[in-house]
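The sequence and the model come first.

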Amino acid sequence: YSEGVASALEKGRWGFVDRAGRWALTPRWRACAEFSQGLAAAKGESRWGFIDRAGRWSIPATFSDAMSFSEGLAAVLRVPDAPIPLKGGKPKGAQE
């Protein structure tokens, strides 16, 4: 348990249960990490973001991967959805 809840899996979706085993947040995420500093990394349909204790997106799900907060920081991976257009081996519009 972290911050009074633990992640739990039901029918392929993750949610959080309290110490009594009741759903604090019903399963709706594809994956999640434990709560830390009031937020938990959670994966929506395809991207990661951070939810609060009410299950609302505090930081929208726009990341390819995310880790829990520690000392006010969280590691995230952001990979673009589409390749960067290149012109002559440099990003299009880059200064010569």
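Leaving aside residues up to four places away in sequence, Asp18 touches Tyr1, Gly4, Val5 and Ala24, where contact means heavy atoms within 4.5 Å. The model is predicted: local features need pLDDT of at least 70, side-chain atom pairs count only at pLDDT 80 or more, and totals for chains, interfaces and linings use all residues. Residues are numbered from 1 along each chain as its sequence is written, and side-chain values use heavy atoms, with hydrogens and water left out.

Asp18 counts as buried because its relative accessibility is 18%; buried means under 20% relative accessible area (1.4 Å probe, protein chains only). A polar atom of the Asp18 side chain lies 3.0 Å from the backbone nitrogen of Ala20.

Asp18 belongs to strand β2; strands are DSSP runs of E with at least two residues, numbered from the N terminus. The open sheet has three strands in the order β1-β2-β3, with antiparallel pairing. β1 (5-10) and β3 (23-29) are at the edges with a single partner strand each, so one side of each has no neighbour in the sheet. Two strands pair if DSSP finds at least two bridges between them. The pairings are as follows.

| Strands | Sense | Bridges |
|---|---|---|
| β1 and β2 (residues 13-18) | antiparallel | six bridges |
| β2 and β3 | antiparallel | three bridges |

Val5 has Asp18 in β2 as its bridge partner, while Val17 stands opposite Trp23 in β3. β2 and β3 form a hairpin with four residues between them, and Gly21 in the turn has a positive phi of about 90 degrees.

Terms used
Buried means under 20% relative accessible area, exposed over 50%, partly exposed in between (1.4 Å probe, protein chains only). A polar contact is a pair of N or O atoms within 3.5 Å; within protein, one must be able to donate a hydrogen and the other to accept it, and residues adjacent in sequence count only if both atoms are side-chain atoms.
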